[in-house]
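Reader: I am new to this structure. Please take me through the terms one by one and show what each rests on.

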Amino acid sequence: MQPTFSLESPYGGPEAQSTADWFKGDLHIHTVFSDGLYEPHQIKDFYKAYAYQFLAFSDHPNGGTVYHFDVDDDDFVTIPAYEFAADPLRVHINCIGAAVGPEGIHPAGPDMQGAVDRVNKQGGFAFFCHPFVYDYPNPAYVLTGLSGLEIINTGAISYRAGQDDAVRRGTALDLWDELLTKGQRLWGFVNSDFHWFCNEEPCVAFNMVDAPSLRATDLLQSLNAGRFYASTGLRLREILVEETSITVECEQAACIRFIGAGGNTLKESCGHRATYGVQGDEIYVRVECTDERRAFTTKPQLDFFHQTAFLQPTFVIPTRSS
Ligand SMILES: [Zn+2]
Ligand SMILES: [Zn+2]
């Protein structure tokens with residue numbers, strides 16, 4: 001019998017995708033060019049020691065946007081970026097892959113949609129940063145053209161070490177599920193929002209990207225198409241999206257959870273490999289692979305997450321039955 005739905009997955013199919021050669025990076029980093037404490041080359045050296053292969057130095061553009069291609073080498077690449085601030089709302093949007101315009105800088109201002117449209121037109125993409133760090137009306141409901149949102153901003157949590165709302169301020173998993181349930185197609189990013197070492201644990205957060213090469217243009221295309229997963233520590237081994245099922249293998253995982261509309265758990269499975277048979281009414285299916293150990297960070301606020309790899313959603317599209 002023909003299924004009454006089809007799956008649209010950023011991971012493609014029908015062959016299994018090995019994730020062994022995917023590229024590791026962080027898309028939210030601040031340097032001395034805005035309110036960070038370190039030079040780009042210092043940050044690069046630190047992240048390279050943790051096997052990062054790309055970074056987006058996303059400084060606030062108040063002093064002028066500067067792109068740091070000079071720190072690139074054969075196995076490390078920077079992606080041009082800046083963190084747009086829609087003042088006075090304090091809405092922050094990371095504009096990734098923005099070409100240098102003739103004006104050089106993109107000043108802060110109220111025009112959020114303009115910022116998103118501009119970077120999309122330039123061949124880049126935009127994601128909504130740390131949705132709950134400040135109290136402002138949530139722009140993810142009104143903006144069009146966003147590629148995703150930060151589902152975890154580990155820096156935002158670390159800054160609030162010891163405060164009751166630390167985790168709430170730095171996470172947006174509920175919002176992600178809410179927007180996906182409404183039919184918005186948004187990818188989930190995990191970034192550090194690195195400013196300085198004493199307040200943050202930079203290597204907790206990363207995104208693993210399936211790209212044909214370690215070139216900024218290839219990374220951008222894959223990220224914008226959702227061909228990556230986000231993580232607070234765990235690495236996947238294999239993703240297989242077939243006609244009516246999704247299989248994930250993660251050697252380090254103790255538990256694999258399939259999540260659908262409303263953030264509801266569709267299936268939870270112990271072990272390193274799990275398959276979910278799609279029913280057709282899920283709207284979307286996303287997967288979290290979690291270690292049973294506490295997160296490796298020493299920050300108690302981050303223990304909450306354990307070490308988790310977050311797959312991007314596969315969309316379940318109803319088709320007419322014949
Ligand atoms: Zn910000
Ligand atoms: Zn930031």
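Author: Start with pairing. Two strands pair if DSSP finds at least two bridges between them. Strands are DSSP runs of E, at least two residues long, and helices are runs of H or I, at least four long; both are numbered from the N terminus. In strand pairing, C95 stands opposite A126 in β8. This is a predicted model, in which local features need pLDDT of at least 70 and side-chain atom pairs count only at pLDDT 80 or more, while totals for chains, interfaces and linings use all residues. Residues are numbered from 1 along each chain as its sequence is written, and chains are lettered from A and ligands numbered from 1 in the order in which they are written.

Reader: How do you know that β7 and β8 pair?

Author: Four bridges join β7 (residues 91-96) to β8 (residues 125-128). The definition asks for at least two, so the strands pair. They run antiparallel.

Reader: What makes β6 and β10 edge strands?

Author: The open sheet has five strands, in the order β6-β7-β8-β9-β10, with mixed pairing. β6 (81-86) and β10 (187-191) each pair on one side only.

Reader: Why is N224 called buried?

Author: A residue is buried if 20 or more other C-beta atoms lie within 10 Å of its own, exposed if 12 or fewer, and partly exposed in between, with C-beta atoms placed from the backbone. N224 has 21, so N224 is buried. Its place is in helix α6 (residues 216-224).

Reader: What does N224 touch?

Author: Contact means that C-beta atoms, placed from the backbone, lie within 7 Å. Not counting residues up to four places away in sequence, N224 touches F125 and S147. N224 and A126 are 98 residues apart in sequence, and 8.8 Å apart in space, C-alpha to C-alpha.

Reader: Why does W176 count as buried?

Author: W176 has 26 C-beta neighbours inside 10 Å, so W176 counts as buried. W176 lies in helix α5 (residues 173-181). Leaving aside neighbours within four places in sequence, W176 is in contact with L149, I151, L186 and G188.

Reader: How do you know that the buried residues of α1 line one face?

Author: In α1 (residues 40-48), P40, I43, K44 and Y47 are buried. Seen down the axis, they fall within an arc of 105°, so they line one face of the helix. The arc is that of the directions from the helix axis to the C-beta atoms. The buried residues of α1 pack against β3 (23-29) and β4 (54-57).

Methods:
Contact = placed C-beta atoms within 7 Å.
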